[in-house]
Amino acid sequence: MTSLEREVFDQVRAIISNEEQVLGRRDILTPLKKALINEADIRVVIDTVSADPALAAHLLIRANSAQAAGAVQSKNRSVKDALIRLGQVNIYRYAFAFYLKERLDALVEPYRKLVHGYWQLTEDIASSALELIKQDVDAGKQVNIDVDEVQTLALFSVFGQVITLTAFAYLNANAEPPLSLRIVKSIIDKQQKSLSLDAFENLGLDDDLRQEFMVAHNLAQTTNPNSAGLVLRRVLAKRQLLINPL
């Protein structure tokens with residue numbers, strides 16, 4: 001890296017370490033995380049989620065995506081049904097992604113458009129991963145994979161790029177003169193792995209998500225045949241998005 005790229009890289013990493021700056025609104029996510037860590041009664045979790053009707057609706061939609069994949073037989077007809085089936089880890093991952101997307105919507109251009117391009121990519125990757133599972137189910141294969149784990153992992157499949165661009169947008173808001181987008185592109189191209197893993201660690205996401213991300217990008221191997229990362233690796237390889245190509 002050039003000296004300027006190194007300086008920007010260090011500043012971007014500092015922003016990534018600030019969970020409040022990256023995510024913004026924390027009035028639901030913070031108590032939700034506390035309730036999940038403390039293994040609170042499901043009624044407490046339901047009440048916390050229901051305090052934000054938009055989040056509750058989002059979790060119900062996400063949960064029913066698994067039913068559409070054919071790996072879950074019964075449709076979730078209420079937020080309670082969805083939360084009971086999702087489990088603590090998936091609830092928090094979906095909620096985190098929801099509030100991150102909300103924060104991205106507030107970015108100024110051209111960062112908003114660029115980050116939204118990456119976000120749409122994650123949605124497409126998630127759809128492709130669920131379709132792979134559905135194909136296996138339709139072929140009569142025994143599927144024991146947690147489809148919500150696959151979907152949440154897909155939503156973080158280009159996490160490093162999303163977070164780095166977001167941090168660069170905040171950094172550039174006060175830069176005089178503004179920094180060129182070529183700088184952040186160069187940093188992402190050269191440091192995607194380290195920035196991604198830094199983001200997982202600094203933003204309080206679970207270790208399993210980080211590990212499966214590494215499996216998905218061929219940065220780590222697994223003997224677990226039901227690994228969500230192995231499913232996602234097939235999608236990322238086809239799209240030539242692997243950090244460590246096969």
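Begin by selecting Gln 240, which counts as exposed at 74% relative accessibility, where exposed means over 50% relative accessible area, buried under 20% and partly exposed in between, with a 1.4 Å probe and protein chains only. Gln 240 sits in the segment after helix 13, and its phi is near 55 degrees, a positive value in a residue other than glycine. Helices here (H or I, at least four residues) and strands (E, at least two) are DSSP runs, numbered from the N terminus.

Before moving on, note that this is a predicted model, in which local features need pLDDT of at least 70 and side-chain atom pairs count only at pLDDT 80 or more, while totals for chains, interfaces and linings use all residues. Residues are numbered from 1 along each chain as its sequence is written, and side-chain values use heavy atoms, with hydrogens and water left out.

Next, select Asn 218, in the loop between helix 12 (207-216) and helix 13 (228-238). Asn 218 also has a positive phi, of about 60 degrees, although it is not a glycine, but at 11% relative accessibility Asn 218 counts as buried.

Now go to Ser 196, within helix 11 (residues 181-202), which is buried with a relative accessible area of 0%. What is Ser 196 in contact with, leaving aside its neighbours within four places in sequence? Show Phe 159, Gly 160 and Phe 213 to see these partners, contact meaning heavy atoms within 4.5 Å.

From there, select helix 10 (residues 159-172), whose 14 residues should span 20 Å at 1.5 Å a residue, in agreement with the 20 Å between its end C-alpha atoms; the expected span is 1.5 Å times one less than the number of residues.

Two peptide bonds deserve a stop. In the loop between helix 10 and helix 11 lies Pro 177, joined to Glu 176 by a cis peptide bond with omega of about 0 degrees. Another cis peptide bond joins Glu 109 and Pro 110, with omega of about 5 degrees, and Pro 110 is in the loop between helix 7 (88-104) and helix 8 (111-138).

Finally, zoom out to the whole chain, which has 13 helices and 0 strands and whose C-alpha trace spans about 55 × 45 × 30 Å along its principal axes. Of its 246 residues, 48% count as buried, and among contacts between residues at least 6 apart in sequence, 69% join residues at least 24 apart.
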